[in-house]
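The sequence and structure are shown first.

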Amino acid sequence: MENNKRNISIDILKFFAVLLITNSHFDEQYVYCKELATGGAIGDALFFFCSGYTLFLGRFGRFDTWYKRRIRRIYPSVIGLGIIALLFYHTDFSLSMLLTDGAGWFVSCIMIYYVLLYFVRRYAIKRLKLVYGVVGALVLLWYGLFFEPIRTYVQQIPCLSWMVFCEPMDKVWIYQNTYFKWGFFFLFMLFGAELGLREKENGISGERNFLKIFVKLIGCVVGFYLLPLISLRYPTAQSYLLLSLVPLAGICFYLYQLCQTNVLLRLMQRGKTGWCIKAVGGLCLEIYLVQPFVRTTALNFLFPLNILILSIAIVFVAYLCRSIGRCFQQTFSSGEGYDWKAIFKII
């Protein structure tokens, strides 16, 4: 695969990631069937997988220059989120809150991953199996010795600042609001990076039969959800929930392969359909950032139409967030004037 050639499969994969993440947060909007609000862990894994895939194929160099490019990609949109929150939702983030909890756990986590991945690429590119082993051992150690079924949340107290609270979770689910997932999701970023390097050297290869890949994908999805269902009936099985990472990795791999089949690639070649998939996939970060503000139960009386309306609204606000972020970025660049075409460019 050429380094300068766009991998359309990653665009499709980002679209699926956005779809799953957004859907998982609609638990209050699925009025009569809250169980349908799922897929968030799969979407997170796909996000990290895609990030790792593209990161090892991009430009490399000194750490400060390389990390600056990551900051320029992430934080203009975070600033855009702060402006939107203030103007339209009357939420005034402090700068420290905006750059950490205000942008969600994903942003803070991936900025840490960028540092780790740089040194992996610099010093251990030929020893990825060893890196997998070290990270895997640390995750197992964390899970076995330190992981507790608690969740953290941030709340603003009247007349006080923002405060962090911890409380026991009703059930142990490693993908919920816990720092433990900050550890094991790095494996998925490594997985994407390794696959990207392999395809850069050897070209894209593998199974291309849509039906065979789809059956394998469904098997992984069943395996992923089966473990927590068993643990609900047999609490002693909760200790083995870490094994769900195996089918989750399979979901990422087979969904990526599915995106390379002629069935989905032909779908991308259809003008409006392909354009919409690329547009939504390109807004994956911004959609993640803005959706907590756009979601509302005020339209629940329209169910299931409310899901469609809110999804469209989230995409629109995400586009606004990215445009504001690009405007902010150009304001403090060395160039003269504004490139409005670049600011409002969709794809």
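This is a predicted model: local features need pLDDT of at least 70, side-chain atom pairs count only at pLDDT 80 or more; totals for chains, interfaces and linings use all residues.

## Helix 3 against helix 5

Helix 3, which covers residues 63-89, and helix 5, which covers residues 105-123, have axes that come within 11 Å and cross at roughly 160°. Because angles over 145 degrees count as roughly antiparallel, helix 3 and helix 5 are described as roughly antiparallel to each other. The crossing in which helix 3 passes helix 5 is right-handed.

On the side of helix 3, the contact is formed by Phe 63, Trp 66, Tyr 67, Arg 70, Ile 71, Ile 74, Tyr 75 and Val 78, which meet Val 107, Met 111, Tyr 114, Val 115, Tyr 118, Phe 119 and Arg 121 in helix 5. By class, the residues of this contact comprise 13 nonpolar and two charged, with no polar residue.

## Helix 5 against helix 7

The axes of helix 5 and helix 7 come within 10 Å and cross at roughly 55°, and the two helices are therefore oblique to each other. Their crossing is right-handed.

Helix 5 contributes Trp 105, Ser 108, Cys 109, Ile 110, Ile 112, Tyr 113, Tyr 114, Leu 116, Leu 117 and Val 120 to the contact, while helix 7 contributes Lys 181, Trp 182, Gly 183, Phe 185, Phe 186, Met 189 and Leu 190. The residues of this contact divide into 14 nonpolar, two polar and one charged. Tyr 114 of helix 5, listed here, also belongs to the contact of helix 5 with helix 3.

## The nonpolar core and Phe 185

The largest nonpolar core holds 99 residues, of which Phe 48, Phe 185 and Leu 248 touch the most other members. Helix 7 supplies the largest share of this core, with 12 residues.

Leaving aside residues up to four places away in sequence, Phe 185 touches Ala 41, Asp 44, Ala 45, Phe 48, Trp 105, Tyr 113, Tyr 175 and Leu 248. Among these partners, Phe 48 and Leu 248 are the residues named together with Phe 185 as touching the most other core members.

## Glu 194 in helix 7

Helix 7 spans residues 181-202 and includes Glu 194. With a relative accessible area of 21%, Glu 194 is partly exposed, since buried means under 20%.

When residues up to four places away in sequence are not counted, Glu 194 touches Leu 128 and Tyr 132. Glu 194 and Phe 56 are 138 residues apart in sequence, yet their C-alpha atoms are 8.2 Å apart in space.

Notes:
Residues are numbered from 1 along each chain as its sequence is written. Side-chain values use heavy atoms; hydrogens and water are left out. Axes are lines fitted to C-alpha atoms, for helices over the stretch in contact, and angles run from 0 to 180 degrees between N-to-C directions. Helices (H or I, at least four residues) and strands (E, at least two) are DSSP runs, numbered from the N terminus. Angles under 35 degrees count as roughly parallel, over 145 as roughly antiparallel, 65 to 115 as roughly perpendicular and the rest as oblique. A crossing is left-handed if the near helix is turned anticlockwise from the far one by less than a right angle, and right-handed if clockwise. Contact means heavy atoms within 4.5 Å. Ala, Val, Leu, Ile, Met, Phe, Trp, Tyr, Cys and Pro count as nonpolar, Asp, Glu, Lys and Arg as charged, and the others, Gly among them, as polar. Buried means under 20% relative accessible area, exposed over 50%, partly exposed in between (1.4 Å probe, protein chains only). A nonpolar core is a set of buried Ala, Val, Leu, Ile, Met, Phe, Trp, Tyr and Cys residues joined through side-chain atoms within 4.5 Å.
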